[in-house]
Amino acid sequence: MTNYNPFTLEGKTILVTGASSGIGRSAAIECSKAGAKVILTARNEERLRETFSLLADVENQPAWITADMQRDEDILSLVEQLPTLDGVICNAGVSINVPIAFIDREKLQQVLNVNTIAPILLTRQLVKKKKVRKGGSIVFTSSISGNNTVTVAHEMYSASKTAITGFMRNAALDLAAKGIRCNAVHPGMINTPMVHSGKYSEEQLQKDMDNYPLHRFGEPEEVAYAMIYLLSDAAAWVTGHSLVIDGGLTLK
Amino acid sequence: MVKNPLSIEGKTIVITGGASGIGRQCAIDFSNAGANLVLLDINEEQLEITKGLCNPDVRCSCYSCDLTDANGMGTIVSQVVAENGLINGMLHCAGIEKTLPYNKLSANDYDRIYSVNVVGAMNLLKYLTKKNNRAENAKYVLIASITAVVGRPGVAAYAASKGAIVSVVKTLALEMASKGMTINCISPGTILTPLMQNMMESLTEEQQAERKAGFPLGLGHPSDIANTAMFLLSDGARWITGQNIVVDGGYTSR
């Protein structure tokens with residue numbers, strides 16, 4: 001028999017935040033295909049329902065839980081409703097890119113709230129309520145932005161993503177005593193609705209793409225596969241790591 | 001059943017240093033995951049023992065080979081491809097070290113260590129990556145070390161060679177990208193290979209504790225490295241290139 005698969009998520013229950021679109025949706029689907037029970041959460045019920053319908057083995061998947069991670073009471077109630085988890089993907093994210101002169105408190109707070117404060121407070125609550133099993137794995141969706149490269153007008157986004165990577169590294173050390181691993185993925189540009197929302201012109205996108213050594217943007221599944229690796233027992237000795245998934249962009 | 005994107009089933013993978021330690025465990029785990037193997041090592045006898053430990057349901061070919069023999073490499077690779085078909089991936093585990101304070105190391109020590117740990121891999125890649133020898137989207141993984149990232153007294157020559165691996169992977173990734181190939185490295189912390197296990201057993205309890213200190217998740221097992229290598233050699237890792245994946249139980253994140 002040659003069916004050894006250290007990447008299986010059979011028997012594992014994984015929480016995915018920001019599961020209504022993009023990387024989060026793909027991560028949820030791929031985790032379900034890898035055998036996991038996936039608990040989806042996001043604000044938008046309709047799109048959560050859509051992600052749910054795309055899960056493998058959907059009749060045996062647990063129900064999704066709508067929550068707005070910017071509200072403390074939603075985080076508390078979400079965590080209250082959760083079973084003990086084997087894995088968490090803290091993925092919900094937002095990007096607002098404006099030149100420095102156009103930064104204001106409201107925009108900055110929004111970016112930090114979604115990308116930094118919410119995943120930190122969720123992790124806090126999960127740990128406090130002992131909802132992550134020994135041997136469990138938490139994966140944060142960070143970014144190459146700020147961590148591995150810089151781009152004009154991405155200051156707020158970079159600040160939020162370097163902050164979550166910083167949190168992850170400390171949390172890795174802190175939670176090692178409980179046998180819980182923490183890692184981050186640092187994706188480059190991924191073909192998601194966020195990228196194709198009209199924020200960038202098609203011309204700009206083509207120019208950006210040519211800048212990638214592998215001459216394309218990444219696909220959401222390519223981030224999802226790395227998350228599966230980090231969630232699985234294959235990565236049982238990997239913690240505090242930032243896994244760059246960028247088609248070689250930041251090597252240059 | 002959908003195909004597992006993280007699987008290496010059916011791929012033909014070359015492993016250097018397959019006669020012992022991490023290389024041997026990678027061979028065993030890869031064979032259980034359904035990969036066909038080409039094992040290279042200078043130690044033919046131990047290589048055959050590795051083969052005996054591998055899953056008999058896959059093809060496993062052994063070649064006695066000195067990676068530092070640049071002239072002979074082309075011939076070996078031609079023979080490997082003729083007998084095993086196009087190569088999907090390579091994992092460079094072969095490595096030597098010498099623990100001595102820097103002021104006791106000779107130029108010859110540096111030469112010997114660098115020639116196996118670094119140049120050996122480059123000799124092999126030069127031929128493996130030729131169009132007629134590689135399958136589409138071939139992937140390569142080199143074993144570096146956390147001593148490439150953090151300091152450890154007594155391993156100057158080894159650390160220098162492993163640092164070279166981390167650097168060279170970035171350049172090679174860019175050179176290989178246009179041809180659809182990827183290359184990455186893995187930096188293991190202290191792994192309990194049989195050799196390390198024996199070494200640990202020879203230490204006093206205090207020395208053992210010192211050796212384990214700094215690893216928040218304890219010491220690693222050879223399969224921890226094999227699993228990460230398997231991921232990087234799978235199609236699932238196709239957008240990851242030029243990276244150094246640190247597999248160290250949290251040692252360097254402290």
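This dialogue explains how to read several features of a predicted model.

Student: What should I know before I begin?

Tutor: The model is predicted, so local features need pLDDT of at least 70 and side-chain atom pairs count only at pLDDT 80 or more, while totals for chains, interfaces and linings use all residues. Residues are numbered from 1 along each chain as its sequence is written, and chains are lettered from A and ligands numbered from 1 in the order in which they are written.

Student: How many helices and strands are in chain A?

Tutor: Helices (H or I, at least four residues) and strands (E, at least two) are DSSP runs, numbered from the N terminus. Chain A has 7 helices and 7 strands. Read from the N terminus, its elements run β-α-β-α-β-α-β-α-β-α-β-α-α-β.

Student: How is the radius of gyration of chain A to be read?

Tutor: This radius is taken over C-alpha atoms, and the globule rule is 2.2 Å times the number of residues to the power 0.38. For the 252 residues of chain A the rule gives 18 Å, and the radius of gyration is 17 Å, close to that value, so chain A is as compact as a globular protein of that length. The C-alpha trace of chain A spans about 50 × 45 × 40 Å along its principal axes.

Student: In what order do the strands of the sheet in chain A stand?

Tutor: Strands of a sheet pair through backbone hydrogen bonds, either parallel or antiparallel. Two strands pair if DSSP finds at least two bridges between them. In chain A, an open sheet of 7 strands has the order β3-β2-β1-β4-β5-β6-β7, with parallel pairing. Strands β3 (65–66) and β7 (242–245) of chain A stand at the edges with a single partner strand each, so one side of each has no neighbour in the sheet. Strand β2 (residues 37–42) of chain A is joined to β3(A) by 2 bridges, and Thr41(A) has Ile65(A) in β3(A) as its bridge partner.

Student: Which strands does helix α2 of chain A touch?

Tutor: Two residues are in contact if their C-beta atoms, placed from the backbone, lie within 7 Å. Axes are lines fitted to C-alpha atoms, for helices over the stretch in contact, and angles run from 0 to 180 degrees between N-to-C directions. Helix α2 (residues 45–53) of chain A packs on the sheet and touches β2 and β3 of chain A, its direction making about 160° with that of β2(A). Helix α4 (residues 105–128) of chain A lies across β1 (13–17), β4 (85–90) and β5 (132–141) of chain A, at about 175° to β5(A).

Student: Is strand β1 of chain B mostly covered or uncovered?

Tutor: A residue is buried if 20 or more other C-beta atoms lie within 10 Å of its own, exposed if 12 or fewer, and partly exposed in between. Strand β1 (residues 12–16) of chain B is mostly covered, with 5 of its 5 residues buried. Thr12(B), Val14(B) and Thr16(B) point one way from β1(B), and Ile13(B) and Ile15(B) the other way. Strand β1(B) pairs in the parallel sense with β2 (residues 36–41) of chain B over 5 bridges, where Ile13(B) stands opposite Leu37(B).

Student: Why does Tyr158(B) count as buried?

Tutor: Tyr158(B) lies in helix α5 of chain B. Tyr158(B) counts as buried because it has 25 C-beta neighbours inside 10 Å. Not counting residues up to four places away in sequence, Tyr158(B) touches Glu97(B), Lys98(B), Ile113(B) and Thr147(B).
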